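Me: I have a model open and want to learn how to read its features. Where do we start?

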Amino acid sequence: MPDQKNDNSIDVSDENIHWKQDISYGDYLDLDKLLAAQNLRSSSHDEMMFIIIHQATELWMKLCIHELSQAMKEIEEGNLGPAMKMIARIARIQEQMIQSWSILSTMTPKDYLGFRDSLGQSSGFQSYQYRIIEFSLGNKNAALIKAHQDHPNRYNAVKAALHAPSIYDLTLQLLAEHGFDIPRSCVDRDWSEPYCANQKVEDAWRIIYKDNEAHWQLYEWAEKLVDLEHRFQSWRFAHMKTVERIIGYRRGTGGTKGVEYLKKALDLKFFPELWSVRTNL
Ligand code: HEM
């Protein structure tokens, strides 16, 4: 066989490649800063993975907040279409966040104990972005902002989310604007208080679900919200089960009862009537 020249090789000749750039990839993404932010506090091999999973999750949470706050603005203006597009993106981000538990679960209890003491009292319980997401979805709990009292910027951001209407509060306002009989106490209230389920709200969702053809956009929006909550719960559940297999029933580094605390959160509901209406359709 004659020698065949392999012409699949990529062309990196000087006239084609920007060896010097106006903005480099690393500069645009601020990679020096990002990749220098893994400050291990022990000599344990697994600590690198532990830090990166947390950092990656915080980045995904940042994007969730970015999408969620815009979706909430769109809902306020009655633009359900763009809001749904943003929630669909959040759903994909949530998939990534859920998937990351499978990486974390390659760590055994012994691996974790190799660096646990170096975490001190730091815990995801103090994640201010997580709290902003929870408050924005409607799980209001004023006591929890105390965890951020020593960091004014974080404290103010969490407090602002606590006192703002949640995505569900805005949704109920939208239902009222569409002529549904939503009690005043649901659409004009102290937003920092937890939302209490209301029979008239369930009745409104029942009308929407029963006659979905007539209320297609609201029906579609309702299902987007259910999807959002479902995935949030899947993340919580996977967190709880991963924690159970890694630390058993020890207390958490944040001071709670650990798995017992995480299990309780599984009973929380962001959009209660969207769940109760399913039983009574
Ligand atoms: C070895 C891995 C992990 C263990 C053992 C663990 C353990 C715990 C425990 C016990 C709690 C309850 C609070 C406490 O007392 O500390 C907690 C809360 C939390 N963790 Fe983790 N966790 C792990 C990984 C992660 C990762 C990768 C994330 C991603 C950011 C995360 C985010 C959170 C959040 C947001 C909370 C607060 C939940 C709430 O208040 O409802 N955790 N974790």
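Reply: Start with tyrosine 209. Its relative accessibility is 12%, so tyrosine 209 counts as buried. Buried means under 20% relative accessible area, exposed over 50%, and partly exposed in between (1.4 Å probe, protein chains only). This is a predicted model: local features need pLDDT of at least 70, side-chain atom pairs count only at pLDDT 80 or more, and totals for chains, interfaces and linings use all residues. Residues are numbered from 1 along each chain as its sequence is written, and side-chain values use heavy atoms, leaving out hydrogens and water.

Me: How many aromatic pairs does the whole structure hold?

Reply: Rings of Phe, Tyr and Trp (its six-membered ring) pair if their centres lie within 6.5 Å; planes under 30 degrees apart are stacked, over 60 edge-to-face, the rest tilted. The search finds 13 aromatic pairs. One of them is edge-to-face: tyrosine 209 with tyrosine 219, 5.5 Å centre to centre, 80° between the planes. Tyrosine 209 lies in helix H10 (residues 199-210) and tyrosine 219 in helix H11, so the pair ties together parts ten residues apart in sequence. Helices (H or I, at least four residues) are DSSP runs, numbered from the N terminus.

Me: What is the protein donor of the iron atom of the ligand?

Reply: Donors are N, O and S atoms within 2.8 Å of the metal (3.2 Å for Na, K and Ca); water is not among the atoms, so sites may look incomplete. Here His239 (NE2) is the only protein donor, at 2.3 Å. Histidine 239 is in helix H11 (residues 216-247).

Me: Which residue has a positive phi although it is not a glycine?

Reply: Most residues other than glycine have a negative phi. Aspartate 30 has a positive one, about 55°.

Terms used
Helix = DSSP H or I, 4+ residues; strand = E, 2+ residues; numbered from the N terminus.
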